[in-house]
Structure formats: structure tokens, C-alpha cells
Amino acid sequence: MTAGRLADRVALVTGAARGQGRSHAVRLAEEGADIIAIDVATDLPGVPYPQATPDDLAETVRLVEQHGRRIAAFQADVRDGAALAAAVDAGVGRFGRLDVVCANAGVNDPAPTATMSEEVWSLVVDVDLSGVWRTCKAAIPHLITGGYGGAIVITSSAAGLKGYANIAHYTAAKHGVNGLMKSLAQELAPHQIRVNSVNPTQVDTPMIMNDPMFALFCPDIDHPTRDDFAPISQAMHLLPIPWVEPGDVSSAVAFLASDEARYVTGVALPIDAGNVVKKG
Ligand SMILES: NC(=O)c1ccc[n+]([C@@H]2O[C@H](COP(=O)([O-])OP(=O)(O)OC[C@H]3O[C@@H](n4cnc5c(N)ncnc54)[C@H](O)[C@@H]3O)[C@@H](O)[C@H]2O)c1
């Protein structure tokens with residue numbers, strides 16, 4: 001049995017098929033947790049880059065099992081409260097408890113605010129804000145019933161702490177989950193359940209490594225590439241790096257989920273190479 005910081009606990013991760021969600025699932029498994037992995041694992045109409053696939057979710061299963069931990073994986077959309085709750089209930093039914101929740105699933109779809117369609121606004125807010133609320137809503141009864149306390153880690157963003165042009169829906173949703181986090185910290189403290197957020201800067205995942213995001217950050221370049229994006233992204237940081245890796249965020253998630261953070265609640269933790277405090 002793994003003697004990690006989360007030995008024999010159970011962690012729920014949404015958006016677990018790839019990117020940061022997969023990295024969190026694997027890191028928490030390394031720390032000894034069994035994993036309930038949820039992902040839509042299909043493209044979402046309106047989002048201009050592909051979402052994960054069932055094969056991606058299967059790869060997360062393989063990687064978690066490689067660490068000797070159990071995993072229950074479900075295809076569910078965080079916009080569908082009933083399907084989400086059914087998946088969470090089934091996972092907790094299989095493993096018998098729930099200790100950690102990573103509300104991580106999210107999408108983006110850049111557009112100028114004044115001309116953004118109602119559909120695009122609603123889609124991003126529904127996944128990135130309401131989807132986090134639905135995830136917490138499905139999980140909280142299990143956390144409370146367990147009676148062991150617990151930890152919720154919400155994935156916000158540097159865009160939850162500062163403004164970005166042309167992603168107002170995303171920025172509003174990420175500020176919104178920081179408000180949700182603070183309200184939940186108030187409500188759940190009597191149950192020894194801590195609620196925090198991680199607020200990453202750019203992370204090297206398919207969410208930003210795609211043409212619409214390169215165009216957002218490099219408006220003066222025709223058909224910008226990852227190489228064009230790198231120096232522009234790096235200029236946003238104090239530390240001389242263009243982006244962080246998913247594992248950098250997973251390290252923060254693992255800390256916040258563990259007993260090392262037993263008195264840390266209501267905190268928005270930037271993993272941002274100094275993005276939020278950089279002047280200009
Ligand atoms: N990549 C970045 O630069 C960055 C920076 C700050 C915050 N974030 C946030 O990190 C989180 C993870 O993103 P990522 O960088 O790993 O991107 P990603 O696109 O690689 O992963 C997102 C995952 O969420 C899943 N997903 C999307 N919509 C879903 C839905 N409706 N229901 C269930 N699953 C859904 C996707 O299939 C995918 O597996 C998101 O909340 C994102 O907003 C990303």
C-alpha cells in the first residue's frame with residue numbers, strides 16, 4: 001500500500017481525461033488516493049478546440065492503475081447535474097468514501113465582449129462556474145456524511161484574480177469560482193472541510209496550445225504559433241518562463257488536499273510565475 005500524504009483516501013477529479021485533470025489524478029494516486037475520474041470526453045459544440053476523448057480517459061485509468069491505485073472513470077458533462085451526481089454517487093458507492101474534490105473541468109472560447117454571442121457566454125459560464133458549483137453540490141453530501149473532514153480544490157485561474165481582454169466570460173467565471181470557494185469555506189468549516197482554489201497562469205495543455213488562443217495572445221501576428229506565443233506569454237511573468245507544467249499545479253493541489261494544509265481554507269493560491277503581481 002502506498003504510504004503517501006493521501007494514503008487510502010478517495011479523490012474526485014473532473015476534467016480528468018487529459019491536461020491538468022489527468023496530472024492531478026495521477027499525482028493524487030501517487031500520494032495514495034483512489035480516484036473517481038469524470039470527463040465529458042467528447043467535443044462541445046461551440047468550443048473552438050477539441051476536448052478529450054474516451055481514449056484519453058482510458059489512458060488516465062491506465063496511469064492511475066500503474067501506481068497501484070483504483071480508479072472509477074465516468075463520462076459525464078458538468079453541465080448535466082443529474083449525470084454528474086449519478087457518476088459521483090457511483091464512484092463513492094464503489095470506494096466507500098470521499099475525501100478530496102478537484103473541480104477542474106473548464107473550457108474557453110475567446111471573443112470580444114461586445115460582440116460575443118449569448119451562446120458562447122452561456123456555454124463558458126455554464127461549464128466553468130455553474131459546473132464547479134454542480135460538482136461541489138454532488139460531492140458535499142458525501143464529504144459531510146463521511147465525517148472525516150475533507151478538502152475541495154477548485155481550479156480557478158490567474159483570470160480569477162485579474163482581468164483579461166476578449167475572455168470576459170472566462171474571467172467572470174473564474175472570479176466567480178473564487179467567490180464560490182470563499183462561500184463554501186464558510187459553510188463547510190464546521191465539518192472540517194477546507195475549500196481553496198488554485199489560480200494558474202498559462203499551463204502547457206491543449207486548452208491554450210491551440211490556434212484561437214495563439215491569436216488571442218498574439219493579435220499582431222498572422223497565424224501565430226506556439227513559438228510566437230512563448231515570448232509574449234513569458235512577458236506576463238516575473239519568472240523567466242512562458243508557461244507552467246500541469247505537474248506544477250498538481251503539486252499545489254496535492255498540498256492543499258493533504259493534512260499539511262489542515263488549517264488552510266478560503267485561500268486562492270496562484271501558481272503563476274508572478275503573473276498576478278507583475279506591474280504593467
Ligand atoms: N491551460 C491553461 O493555461 C489554464 C490556466 C489557468 C486555468 N486553467 C483551468 O484549468 C482547468 C483544466 O484545464 P486544462 O488546462 O487541463 O485544459 P484541457 O482542455 O487540457 O482539459 C480540460 C478537460 O476538461 C474536460 N471538459 C471540458 N468540458 C467539460 C464538461 N463540460 N464536463 C466535463 N469535462 C469537461 C475536457 O474534456 C478536458 O479533458 C480548467 O478549469 C481551465 O480553465 C487552465
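Asp 8 is placed in the segment before strand 1 (10-14), where strands (E, at least two residues) and helices (H or I, at least four) are DSSP runs numbered from the N terminus. This is a predicted model, in which local features need pLDDT of at least 70 and side-chain atom pairs count only at pLDDT 80 or more, while totals for chains, interfaces and linings use all residues. Residues are numbered from 1 along each chain as its sequence is written, and side-chain values use heavy atoms, with hydrogens and water left out.

Most residues other than glycine have a negative phi. Asp 8, although not a glycine, has a positive phi of about 65 degrees, and Asn 166, also not a glycine, has a positive phi of about 70 degrees. Asn 166 lies in the loop between strand 5 (150-155) and helix 5 (168-188). With a relative accessibility of 39%, Asp 8 counts as partly exposed, and Asn 166 at 32% counts as partly exposed too; buried means under 20% relative accessible area, exposed over 50%, and partly exposed in between (1.4 Å probe, protein chains only).

## Overall fold

The protein contains 8 helices and 7 strands. Its radius of gyration, taken over C-alpha atoms, is 18 Å, close to the 19 Å that the globule rule gives for 280 residues, so the protein is as compact as a globular protein of that length; the rule is 2.2 Å times the number of residues to the power 0.38. Along the principal axes, the C-alpha trace spans about 55 × 35 × 35 Å.

Of the 280 residues, 54% count as buried. Contact means heavy atoms within 4.5 Å, and among contacts between residues at least 6 apart in sequence, 73% join residues at least 24 apart.

## Nonpolar cores

A nonpolar core is a set of buried Ala, Val, Leu, Ile, Met, Phe, Trp, Tyr and Cys residues joined through side-chain atoms within 4.5 Å. The largest has 57 residues, and those with the most contacts inside it include Leu 12, Ile 152 and Phe 229. Helix 4 (residues 118-146) gives the most to this core, with 9 residues. A second, separate core of 31 residues includes Leu 6, Val 26, Val 203 and Val 244.

Leaving aside neighbours within four places in sequence, Ile 152 is in contact with residues including Val 101, Cys 136, Ile 140, Leu 188 and Val 195.

## Asp 211

Asp 211 lies in helix 6 (residues 211-217) and, at 57% relative accessibility, counts as exposed. Asp 211 and Ala 168 are 43 residues apart in sequence and 19 Å apart in space, C-alpha to C-alpha.
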